[in-house]
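Colleague: I have a structure to go through before class. Can you walk me through it?

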Amino acid sequence: MTLAEVVIAIAIISFSIPLILAATGEAHRSRQASETDTRSAWMVRDVQRRITHMWSENTPLYGLIHPFPFPSADSPNVTIDLSYKQDGTLITDDLEQAVYLVSVQAEAYNQKPDHFPTSSLALVTIKIQHPAKSTSNKRTKLTYQFLSTRDGIL
């Protein structure tokens, strides 16, 4: 009877351990995805704040050499690329630390409500890719869009 109990116990353990390890791995991937989504939302908010401050105050965007003008119907679309660290802070010097790649594009928004002039709205698209050191096809890609005036988000 004891030998049968030992064989049953070994069978249960040999069946359970792979399931437990698989569940642990999936939980780890889920936690990483949640962290990426949360940090991406923080970065989007940071980019929104920086852009609207730059447009309303007519000051350069911190950490950028190239200007990012408010778009108009007769101007070409403007795109800037930013890099962020693992903790979600903007990188301005050492791009080797980049974990998140952020691409920001602004274009004039022409499908306007009647009470806004054509040139007073911008459609801003923010694309975030993570991790930066992976090949493009292995990165998580998130896209955010918002409408903005020179003074802030609608």
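Modeller: We can start with the whole chain and then look at some residues. Keep in mind that this is a predicted model.

Colleague: Of the contacts between residues at least 6 apart in sequence, what share joins residues at least 24 apart?

Modeller: That share is 52% in the protein chain.

Colleague: New topic, charges. How many salt bridges does the structure hold?

Modeller: The structure holds five salt bridges. As background, side chains of opposite charge can pair when their charged atoms come close.

Colleague: Take Asp46. Which residues does Asp46 meet in a salt bridge?

Modeller: One is Arg49, whose side chain meets that of Asp46 at 2.6 Å, N to O. Arg50 also forms a salt bridge with Asp46, with the closest N and O atoms 2.8 Å apart.

Colleague: Where do they sit?

Modeller: Asp46 and Arg49 both lie in helix α1, three residues apart, which is about one turn of the helix. Arg50 lies in helix α1 as well, four residues from Asp46, again about one turn.

Colleague: Is Asp46 buried or exposed?

Modeller: Asp46 has a relative accessible area of 15%, so it counts as buried, the cut-off being under 20%. Arg50 is at 17% relative accessibility and therefore also counts as buried. Arg49 is partly exposed, with a relative accessible area of 47%.

Colleague: What do Glu26 and Arg29 do?

Modeller: Their side chains, Glu26 and Arg29, meet in a salt bridge at 3.1 Å, N to O. Glu26 and Arg29 both lie in helix α1, three residues apart, or about one turn of the helix. Glu26 is partly exposed at a relative accessible area of 45%, and Arg29 counts as partly exposed at 47% relative accessibility.

Colleague: Which residues are linked in a network of salt bridges?

Modeller: Arg31, Glu35 and Arg39 are linked in such a network.

Colleague: Enough charges. Which residues form a nonpolar patch on the surface?

Modeller: Ile13, Ile17 and Leu21 form one, with about 290 Å² of accessible area together. Ile13 lies in helix α1, which covers residues 2-57. Ile13 has a relative accessible area of 47%, so it counts as partly exposed.

Colleague: Last one, His130. Where does His130 lie?

Modeller: His130 is in strand β4, residues 122-130. With a relative accessibility of 13%, His130 counts as buried.

Colleague: What does the side chain of His130 reach?

Modeller: The His130 side chain makes a polar contact with the side chain of Thr36 at 3.4 Å. The side chain of His130 also reaches the backbone oxygen of Val99, at 3.5 Å.

Colleague: And which residues does His130 touch, not counting those up to four places away in sequence?

Modeller: On that count, His130 touches Thr36, Gln86, Val99, Tyr100, Arg139 and Thr140.

Key:
Residues numbered from 1 in each chain as written. Predicted model: local features only at pLDDT ≥ 70, side-chain atom pairs only at ≥ 80, totals over all residues. Heavy atoms only, no water. Helix = DSSP H or I, 4+ residues; strand = E, 2+ residues; numbered from the N terminus. Buried < 20%, exposed > 50% of the residue type's maximum accessible area, 1.4 Å probe, protein only. Polar contact = N/O pair within 3.5 Å; in protein donor to acceptor, adjacent residues only side chain to side chain. Contact = heavy atoms within 4.5 Å. Patch = residues over 30% accessible without salt bridge, like charges linked within 9 Å, V, L, I, M, F, W, Y side chains within 5 Å. Areas by Shrake-Rupley, 256 points an atom, 1.4 Å probe, with all protein chains shown as cover. Salt bridge = Lys/Arg side-chain N within 4 Å of Asp/Glu carboxyl O.
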